[in-house]
Amino acid sequence: MNRSLLIAAAAALPILSGCALLSSPDPVQMYHFGGQAPAEARAPIAQPVAMGLRRIEMPQASRTDRIVGVTGSEVAYIKGARWVSPADDLYTEALENAFAARAQRVRLVGPRELTTAERSLDVDMRAFEARYDAPGAAPSAVITARAQILSREDRSVVAEQTFSVSRPASENRVSAIVQAFEAATADINAQIVDWADQNAG
């Protein structure tokens, strides 16, 4: 190796060692909510009402994999924590699982199925957030959604209702906040499924 190459290599050493000393970003913990799909298939629903689930809309701040925290008029994402997928995708999966496990009259029809849905379910999420009464206090997971059942024939509204649940976290820690979201999601989904059963027509 000639002398100029040796000088260049020696000059590069401080740069490489400096890069190794750069601090790495803070780790981000990933979380999931919504439970799991039923482990065992239920008996088919007798004479089910086929209902298509339209794309669930969420507030813009919640359409990501970040966990939204609200204190008064201030909105911020909770540091160091993310959902494993965007919240609207996780919530859609959770609602589908709730129908599969709980519905007595309604069968949700997937977008790729050939079955024609007699009704469609439209869920417009108005709030999906950890709400703090005061900075540093344990928040509550708040979920508010307006649901509509629409007729396939003329797109008229068959039934409409707004659902809202609030489940307090046991403490101001991310794991406790996620548990509150889990409980709130299960609660509101049970209400939506039962309401859909009653109003499917």
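# Close-up views of the predicted model

**View A. Asn 189 counts as buried, at 3% relative accessibility.** Buried denotes under 20% relative accessible area, exposed over 50% and partly exposed the range in between (1.4 Å probe, protein chains only). The model is predicted, so that local features require pLDDT of at least 70 and side-chain atom pairs count only at pLDDT 80 or more, whereas totals for chains, interfaces and linings use all residues. Residues are numbered from 1 along each chain as its sequence is written, and side-chain values use heavy atoms, with hydrogens and water left out. Asn 189 belongs to helix α3; helices (H or I, at least four residues) and strands (E, at least two) are DSSP runs, numbered from the N terminus. Setting aside residues up to four places away in sequence, Asn 189 touches Tyr 91, Ala 94, Leu 95 and Ala 98, where contact means heavy atoms within 4.5 Å.

**View B. Helices α2 and α3 pack at an angle of about 55 degrees.** Two packed helices are described by the angle between their axes and the distance between the axes. For helix α2 (residues 87-102) and α3, the axes are 9 Å apart; axes are lines fitted to C-alpha atoms, for helices over the stretch in contact, and angles run from 0 to 180 degrees between N-to-C directions. The two helices are therefore oblique to each other, a term for angles other than those under 35 degrees (roughly parallel), over 145 (roughly antiparallel) and 65 to 115 (roughly perpendicular). The crossing of α2 and α3 is right-handed, that is, the near helix is turned clockwise from the far one by less than a right angle, anticlockwise being left-handed.

**View C. Residues of α2 meet residues of α3.** On the α2 side, the contact is formed by Tyr 91, Ala 94, Leu 95, Ala 98, Phe 99 and Arg 102. On the α3 side stand Thr 185, Ile 188, Asn 189, Ala 190, Ile 192, Val 193, Asp 194, Ala 196 and Asp 197. The residues of this contact comprise ten nonpolar, two polar and three charged (Ala, Val, Leu, Ile, Met, Phe, Trp, Tyr, Cys and Pro count as nonpolar, Asp, Glu, Lys and Arg as charged, and the others, Gly among them, as polar).

**View D. Trp 83 and Phe 181 are joined in one of six aromatic pairs of the structure.** The pair is edge-to-face, with 5.4 Å centre to centre and 90 degrees between the planes. Rings of Phe, Tyr and Trp (its six-membered ring) pair if their centres lie within 6.5 Å; planes under 30 degrees apart count as stacked, over 60 as edge-to-face and the rest as tilted. Distant parts of the chain are linked in this way: Trp 83 lies in strand β4 (residues 74-83) and Phe 181 in helix α3 (residues 174-199), 98 residues apart. Trp 83 is buried, with a relative accessible area of 1%, and Phe 181 is buried, with a relative accessible area of 1%. Ring pairs join Phe 33, Trp 83, Tyr 91, Phe 128 and Phe 181 into a cluster.

**View E. Thr 185 of helix α3 touches members of the aromatic cluster, including Phe 33, Tyr 91 and Phe 128.** Gly 34, Ala 94 and Ile 143 are also among the residues that Thr 185 touches, not counting those up to four places away in sequence. Thr 185 is buried, with a relative accessible area of 1%.

**View F. Thr 144 is placed in strand β7 (residues 140-151).** The relative accessible area of Thr 144 is 16%, and the residue is therefore buried. Between Thr 144 and Phe 128 the C-alpha to C-alpha distance is 6.8 Å, at 16 residues apart in sequence. Residues up to four places away aside, Thr 144 touches Asp 124, Met 125, Arg 126 and Ala 127, as well as Thr 162, Phe 163 and Ser 164.

**View G. Arg 155 occupies the loop between β7 and β8 (157-168).** Although not a glycine, Arg 155 has a positive phi of about 60 degrees. Arg 155 is partly exposed, with a relative accessible area of 43%.

**View H. Val 158 is found in strand β8.** At 36% relative accessibility, this residue counts as partly exposed. Val 158 and Ser 120 are 38 residues apart in sequence and 9.7 Å apart in space, C-alpha to C-alpha. Neighbours within four places in sequence aside, Val 158 is in contact with Arg 119, Ile 149, Leu 150, Ser 151 and Asn 199.
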